Amino acid sequence: MHTSTRNTVNPRVTIVIPVLNEARNLELVIPQLPPVHEIVVVDGRSSDDTVETARRLAPEATIITQSRRGKGNALCAGFEAATGDIVVMFDADCSADPAEIPAFVEALKAGADFAKGSRNAPGGGSEDITVIRGLGNKGLNLLSNVLIRSRYTDLCYGYNAFWTDILPALRLPEANAATDEPVWGDGFEIETLLTCRVAAADLAVTEVPSIERQRVHGVSNLNAVSDGLRVLRTILVEKAMEKRTQAEPLPAAPSQACVAERDQLDADRRAARDHRGRARRGDRRHASELEGTSTH
């Protein structure tokens with residue numbers, strides 16, 4: 001899929017960061033992020049000062065609270081809030097290297113619909129993967145490539161980027177739909193689900209070599225056995241769904257009027273964010289002045 005409406009010269013990039021009790025890691029991650037059109041932080045109702053830390057370090061960022069539970073729901077909420085042409089999926093635990101973001105963007109500008117990070121591509125690697133996880137990933141890669149007719153070298157890696165205009169083809173769950181029932185795609189299966197649906201939609205994929213770094217603060221929730229079974233289940237479920245459902249045609253490219261309206265909405269949102277940032281900085285200066293007065 002390639003549309004003539006894409007801005008491949010200077011695309012607006014949105015970095016989506018799902019967070020849950022990642023205040024200490026955000027202190028390290030946010031200052032390293034490259035200048036981009038937008039940062040969207042999606043909080044899973046953290047009990048620490050994650051939100052306050054994000055606001056302090058990136059006052060211009062859009063910060064939202066996810067409506068349900070799970071990494072998948074957080075990512076979908078971020079995708080829906082994004083106003084950029086390109087979305088970069090970025091973990092807050094310091095495992096993703098912000099310096100690699102330009103390489104993902106360049107892959108998309110060069111013609112890819114989806115830029116897939118790979119620890120197994122030449123130039124990639126991992127400082128964190130165990131022997132068991134590595135063997136499991138290789139086995140899942142082989143199985144998934146057979147089942148979904150793909151050539152991925154790293155199925156389970158979640159550092160990815162894509163053009164926002166492919167979202168209709170991915171048919172992700174609505175992020176803010178109220179329900180008490182579990183929603184397929186809300187959990188950690190989201191990364192495998194995305195990979196399967198990108199393949200099913202026959203989108204152009206470019207793998208980007210990436211080096212996975214170790215988490216700095218906190219403890220990882222990864223479990224080689226349970227996570228491997230969940231990935232396998234996701235592949236089988238998605239394959240069954242693909243067989244049952246005929247792909248629907250993608251919506252027509254937006255008209256110039258729609259593009260102009262979208263750009264105006266984006267400008268209004270940026271102006272509102274700038275106003276909030278100035279107001280917060282003014283409040284901090286006022287508080288500082290009051291504190292200085294009280295010491296005399």
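I note here that the model is predicted.

I then went back into helix 4, residues 101–109, and looked up which of its residues are buried. I found Ile 101, Phe 104, Val 105, Ala 107 and Leu 108. I checked how they are arranged: they cover an arc of only 155 degrees around the axis, so they are on the same side of helix 4. The general rule is that an α-helix has 3.6 residues a turn, so residues three or four places apart point the same way. I listed what the buried residues of helix 4 pack against: strand 1 (13–19), strand 4 (86–89), strand 5 (114–118), strand 7 and strand 8 (205–209).

Next I looked up Ser 150, in the loop between helix 5 (131–147) and strand 7 (160–163). Is Ser 150 buried or exposed? I have it as buried, because its relative accessible area is 13%, under the 20% limit. Its side chain makes a polar contact of 2.6 Å with the side chain of Asn 145. Beyond four places in sequence, I list Ser 144, Asn 145 and Ala 199 as its contacts.

Last, I turned to Arg 213, in the loop between strand 9 (211–212) and helix 8 (224–244). I put Arg 213 down as partly exposed, at 22% relative accessibility. A polar atom of its side chain lies 3.2 Å from the backbone oxygen of Cys 94. With neighbours within four places in sequence left aside, its contacts include Gln 32, Asp 97 and Asp 128. Glu 127 is also in contact with Arg 213; the two are 86 residues apart in sequence, with their C-alpha atoms 5.2 Å apart.

Key: Residues are numbered from 1 along each chain as its sequence is written. This is a predicted model: local features need pLDDT of at least 70, side-chain atom pairs count only at pLDDT 80 or more; totals for chains, interfaces and linings use all residues. Side-chain values use heavy atoms; hydrogens and water are left out. Helices (H or I, at least four residues) and strands (E, at least two) are DSSP runs, numbered from the N terminus. Buried means under 20% relative accessible area, exposed over 50%, partly exposed in between (1.4 Å probe, protein chains only). A polar contact is a pair of N or O atoms within 3.5 Å; within protein, one must be able to donate a hydrogen and the other to accept it, and residues adjacent in sequence count only if both atoms are side-chain atoms. Contact means heavy atoms within 4.5 Å. The arc is that of the directions from the helix axis to the C-beta atoms.
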